[in-house]
Amino acid sequence: MTLRVAVVGSGPAGSSAAETLAKAGIETYLFERKLDNAKPCGGAIPLCMVSEFDLPPEIIDRRVRKMKMISPSNIEVNIGQTLKDDEYIGMCRREVLDGFLRNRAAKLGAKLINGTVHGIDIPTSSTAPYTIHYADHSNGSLEGEARTLQVDLIVGADGANSRVAKAMDAGDYNYAIAFQERIRLPEAGMAYYEELAEMYVGDDVSPDFYAWVFPKYDHVAVGTGTMKKNKALIKDLQAGIRARAAKKLEGGKIIKVEAHPIPEHPRPRRVVGRIALVGDAAGYVTKSSGEGIYFAAKSGRMCAETIVELSNKGERIPTEADLKVYLKRWDKTYGATYLVLDILQRVFYRSDATREAFVEMCSDIDVQKLTFDSYLYKTVVPANPLVQMKITAKTIGSLLRGNALAP
């Protein structure tokens with residue numbers, strides 16, 4: 001037999017999964033409803049992703065080597081002083097990154113389907129196929145032509161509003177709303193942001209996250225995020241970041257306005273039967289930093305590698321227990337990262353006093369080095385005991401001075 005796998009969604013998670021499956025010779029179908037989709041996203045990727053996923057230089061719009069953390073009272077802290085000459089945070093446009101990964105998967109053998117998945121028939125036995133119902137848009141129509149496809153296994157990579165997750169009864173999760181404006185600045189404004197990204201914190205820009213100004217190819221992305229419960233405030237919060245960065249954005253022209261949901265924690269069920277979720281569909285966006293691109297691509301690849309391994313390169317149909325091996329590996333590798341960032345968000349993003357303390361703490365060189373090393377390479381190198389004690393003391397001192405430890 002030849003294993004048949006459908007990957008629904010061709011963002012970094014889906015395309016990375018499809019590429020890995022296709023390379024192994026598994027019959028792979030990659031669904032994407034909008035081939036020109038430009039997901040609202042800050043677009044920052046860690047340095048390790050460039051090499052790990054073999055991304056060409058043209059994918060990276062800007063190489064950020066300087067960052068400003070800006071407190072509620074507009075105290076600015078420059079971070080990035082510990083970066084080496086060849087280290088940077090990559091800034092990309094999602095339509096460019098996603099298109100590259102999708103096309104590479106297709107060139108390696110994944111069958112790309114321009115279609116919208118509407119429903120999935122769940123089989124009654126452990127080996128019977130799943131039937132996917134979808135609208136085929138290859139003829140150029142929005143409605144599409146009704147079609148079906150039978151597969152042995154499904155990878156759901158269709159984002160926060162995942163229809164695959166709904167079909168498998170994966171359970172709900174809290175989510176945030178990201179709102180972003182792409183603004184083309186005059187030449188002097190773009191020069192200012194050549195290698196610089198800014199992050200703003202404060203109740204005026206977000207009650208639970210941060211706002212950002214990230215440089216792209218010929219514009220800057222200016223946005224904010226907040227939990228669903230504050231959805232009605234999102235335009236006021238966007239006005240807040242526009243006001244805080246007003247002088248730097250003078251003369252700018254809005255070329256695009258975007259909004260999108262962002263999951264806040266993993267779904268209750270990420271594997272059910274022979275369906276596995278990856279990326280935003282699984283809920284793999286980190287707290288505090290809001291990072292999702294690398295973890296999406298990594299989860300897609302890890303899930304696919306597990307399928308390749310436990311199907312013996314497509315010679316047998318994996319079971320639910322087989323697919324849950326991917327979850328065990330994922331949670332073992334990244335569970336602690338999600339936990340630490342969750343704690344950081346709860347401690348430092350709960351009031352303007354704690355945000356002031358957070359920005360103050362970011363001025364410490366040891367804190368910066370630990371933060372950048374863990375972000376750029378996704379490996380937390382333990383500091384020596386003296387440095388660790390210093391960081392702990394610095395954290396407590398910052399919190400006390402900001403009255404941030406008060407209830």
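Helix 8 passes helix 9 in a right-handed crossing, where right-handed means that the near helix is turned clockwise from the far one by less than a right angle. The model is a predicted one, in which local features need pLDDT of at least 70 and side-chain atom pairs count only at pLDDT 80 or more, while totals for chains, interfaces and linings use all residues. Residues are numbered from 1 along each chain as its sequence is written, and side-chain values use heavy atoms, without hydrogens and water.

The axes of helix 8 (residues 293-310) and helix 9 (residues 320-348) come within 8 Å and cross at roughly 150°, the axes being lines fitted to C-alpha atoms over the stretch in contact, with angles from 0 to 180 degrees between N-to-C directions. The two helices are therefore roughly antiparallel to each other, a term for angles over 145 degrees. Helices (H or I, at least four residues) and strands (E, at least two) are DSSP runs, numbered from the N terminus.

Three strands form an open sheet in the order 3-7-4, with antiparallel pairing, where pairing requires that DSSP finds at least two bridges between two strands. Strand 3 (44-45) and strand 4 (62-64) stand at the edges, each with a single partner strand, so one side of each has no neighbour in the sheet. Strand 3 pairs with strand 7 (residues 89-91) over two bridges, and Ile45 stands opposite Gly90 in strand 7.

Elsewhere, the largest cavity is lined by Thr82, Leu83, Lys84, Glu87, Lys369, Phe372 and Asp373, a cavity being a set of points on a 1 Å grid over the protein atoms alone where a 1.4 Å probe fits but cannot get out, with lining residues having an atom within 4 Å of a point.

Conventions. 1 Å grid on protein atoms, 1.4 Å probe; cavity = no way out; pocket = protein on both sides within 12 Å on 5 of 7 lines; lining within 4 Å. Parallel < 35°, antiparallel > 145°, perpendicular 65-115°, else oblique.
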